[in-house]
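Subject: Handover of a structure, with findings

Dear colleague,

Please find the structure below, followed by an account of what was found in it. I would be grateful if you could read the two side by side.

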Amino acid sequence: MSFASLKSQRQSKASRSYVNYPDNFQEPHSTTIPKVIHSNDSDTSTRSNEGTVYYGIPENVEVRVSAISGRGLWAKKSIKAGSVIISLRPHSFALASLYLDSHCSSCAAASSSGLLRCTGCRTVWYCNATCQTNDWSLHRLECSALRKWAKSAPSRDLSVPNDAVRCLGRILWQKRKEGFNSSWSKEIDALQSHRHSLQPRVVENSTHLAHSLVRYLGLSSPGDLSEFGILSAGDLTDLISRFVTNTFALTSPSLTPVGVSVSPLVALFNHSCDPGAVIVFPRSSRNPVDEPQMQVIALRDISPNEEILTSYIDSTLPRSLRQAALKETYDFTCHCKLCDDNNKLDPRESIWCPRSCGGMCPTPIDESKTYQCTKCGAVVVTPGLIMDELRIGQEALAKAISIQDTNHDKALQLTTNIIPRLVSAGLAPSCHPLLALIGLHKLLLLSSLSSDIAQEQLDETVRIAAKHYMGLNAILCDGHPVRAVALAELGKLLAVDEPRPITSAPADIAFPPSGPPRLKAAYETLVRARHELMIGFGRNNDGGELGRNVRETVVSLEKELGVWTQGIHNTLQDLLNSSRKRITIECALVDLICGVC
């Protein structure tokens with residue numbers, strides 16, 4: 001594989017964040033649910049049979065109400081890992097401003113052969129006339145709003161409202177079009193709102209979002225929102241709260257976040273930091289009109305009468321950060337097994353044994369406490385020093401994330417300098433913030449690669465990609481999309497043609513290999529990646545767009561390995577034939593000499 005082909009598959013804007021049904025998938029039907037009913041028995045759930053209508057729920061899933069988690073979705077039948085549980089188009093979505101000129105605003109596809117620009121607003125792009133026509137019922141209103149916003153913007157950088165404002169605008173226009181008593185509108189209104197318990201920072205952000213929405217719609221004040229069914233300040237607060245609480249990242253097939261989306265049905269899934277299902281956009285539909293398809297995929301086998309849970313937040317984070325994020329945005333404290341099991345050592349918060357026995361210790365959080373290796377009992381003698389390094393690492397991570405788009409070189413310098421410090425402090429690859437820094441460092445290195453890449457730079461990127469996968473492998477289950485994508489990236493990097501293959505690698509550098517062994521490592525890595533992609537992005541989806549791409553690369557590598565193997569075989573055969581020929585000549589000479597004698 002050439003670097004150019006890798007680069008074309010992983011554009012800097014879409015380098016990172018799917019519709020066949022599983023065998024047991026039935027035609028979607030509607031399900032109705034009432035308001036949340038609380039039961040005194042925390043272990044029971046009640047089936048719902050009246051209220052808001054939800055369309056698109058398959059026969060093997062139903063809505064129930066639990067005393068602990070409220071309404072949620074439960075399996076009626078066994079669901080196998082890799083099965084598509086739900087597949088639908090979001091109620092509404094909007095691309096992030098960064099991706100408006102590289103993705104279609106109708107189907108969210110990344111550009112492969114150029115996009116067509118709307119000649120009105122000159123902001124939105126489409127794959128073709130079909131996509132533009134499909135989106136026109138909403139874009140005709142959006143087009144005018146975008147032009148007015150740009151005209152009054154104080155600077156060019158602020159000439160396009162963010163994806164949240166544009167998505168909310170589309171929701172209100174669609175509600176008005178469908179009717180406020182329509183099933184579409186009722187599903188939006190049934191979304192959970194936390195306006196009575198919003199955190200201070202969320203209140204501030206919501207207020208700013210509300211003002212931006214009013215301006216975007218071309219209204220003079222919130223009171224003018226009555227034409228959209230918003231009759232009071234409480235209604236507006238509810239709308240914003242429902243949106244903030246129930247939005248999902250719209251992602252590319254390789255999990256790059258490219259916008260926001262809203263689906264009331266998918267929002268019914270409750271949370272676990274160790275989920276049994278995941279939400280992805282694999283781009284597996286045969287008809288582009290159906291895209292973007294939002295799919296919920298089973299990560300493991302799910303039993304009948306088991307609640308299907310997804311994760312609302314980044315599950316690679318340590319418990320304290322997960323809990324803080326859930327409390328701020330969703331206003332609840334998670335009590336999943338991963339959060340409540342305090343006796344189990346979490347790889348997200350672990351350092352290596354100071355005696356290098358292979359065991360691990362919990363990361364220190366209090367200098368006055370004693371921390372020991374769970375394997376040999378060795379005591380961590382410098383907890384304060386490790387705590388300082390953790391703090392510095394967290395600050396560096398926040399800084400690097402904030403400047404990665406505006407000052408790439410500075411962000412790369414930060415990650416390059418901080419990662420060795422955290423490694424020297426004993427942090428395991430799965431430990432936060434080391435894992436996050438390694439992942440960011442990988443992204444920055446990938447965006448730095450060019451067609452004239454040096455061998456050392458390529459090898460370093462491969463090593464970082466391997467470390468990133470090692471960290472994810474310790475905390476995410478087999479087939480998790482994040483882990484699967486990381487493994488696919490490692491395999492593709494190994495498959496890149498080496499600029500200058502190393503004939504004899506230094507004794508202290510065993511990875512990555514060079515030459516034919518590297519090609520074999522790429523093949524084996526991508527075969528494993530395809531197995532994981534088939535789970536995380538759906539078996540009947542063939543692993544989604546990324547899974548199909550990996551399959552093609554595997555086939556190409558098989559041919560390349562076959563040619564190399566055949567070449568070796570031919571060379572050996574030539575040597576053998578040459579040797580046989582030499583022996584035959586020598587025997588003839590011996591016979592001749594003997595005859596003369």
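Helix α6 gives three residues to the lining of the second largest cavity, the largest share of that lining. Helices (H or I, at least four residues) and strands (E, at least two) are DSSP runs, numbered from the N terminus. The model is a predicted one, in which local features need pLDDT of at least 70 and side-chain atom pairs count only at pLDDT 80 or more, while totals for chains, interfaces and linings use all residues. Residues are numbered from 1 along each chain as its sequence is written, and side-chain values use heavy atoms, with hydrogens and water left out.

Cavities

A cavity is a set of points, on a 1 Å grid over the protein atoms alone, where a 1.4 Å probe fits but cannot get out; a pocket is an open set with protein on both sides within 12 Å along at least five of seven lines; lining residues have an atom within 4 Å of a point. Grid points are joined across faces, edges and corners, and a volume is the space filled by probe spheres set on the points.

The volume of the second largest cavity is about 50 Å³. Its lining consists of Leu168, Ile171, Ile188, Leu191, Leu239, Arg242, Phe243 and Val262, with at least two residues each from α3 and α6 (233-246). By class, seven of these residues are nonpolar, none is polar and one is charged. Here Ala, Val, Leu, Ile, Met, Phe, Trp, Tyr, Cys and Pro count as nonpolar, Asp, Glu, Lys and Arg as charged, and the others, Gly among them, as polar.

For the largest cavity, the volume is about 60 Å³. Phe93, Ala94, Leu95, Leu100, Ser105, Val124, Glu142, Arg166 and Arg170 line this cavity, and the elements that give two or more residues are β7 (92-95) and α3 (163-178). Strand β7 has the largest share, with three residues. The lining divides into five nonpolar, one polar and three charged residues.

The second largest pocket

This pocket holds about 970 Å³ of space. Of its 38 lining residues, Pro318, Arg319, Asp346, Arg348 and Glu349 are the closest to its centre. Two or more residues come from each of α7 (319-330), α8 (337-340), α9 (383-403) and α12 (455-475); α9 gives the most, with four. The lining has 21 nonpolar, eight polar and nine charged residues.

Aromatic pairs

The whole structure contains five aromatic pairs (rings of Phe, Tyr and Trp, its six-membered ring, with centres within 6.5 Å; planes under 30 degrees apart count as stacked, over 60 as edge-to-face and the rest as tilted). One of them is the edge-to-face pair of tryptophan 149 and tyrosine 216, with 6.2 Å between centres and 75 degrees between the planes. Tryptophan 149 lies in helix α2 (residues 129-152) and tyrosine 216 in helix α5 (residues 200-216), so this pair ties together parts that are 67 residues apart in sequence. Tryptophan 149 counts as buried because its relative accessibility is 9% (buried means under 20% relative accessible area, exposed over 50%, partly exposed in between, with a 1.4 Å probe and protein chains only). Tyrosine 216, at 2%, is buried too.

Trp149 and Tyr216 form one aromatic cluster with Trp173. Arginine 215 lies over the face of tryptophan 149, 3.7 Å from the ring centre (a charge sits over a ring if NZ of Lys or CZ of Arg is within 6 Å of the ring centre and within 35 degrees of the ring normal).

With kind regards
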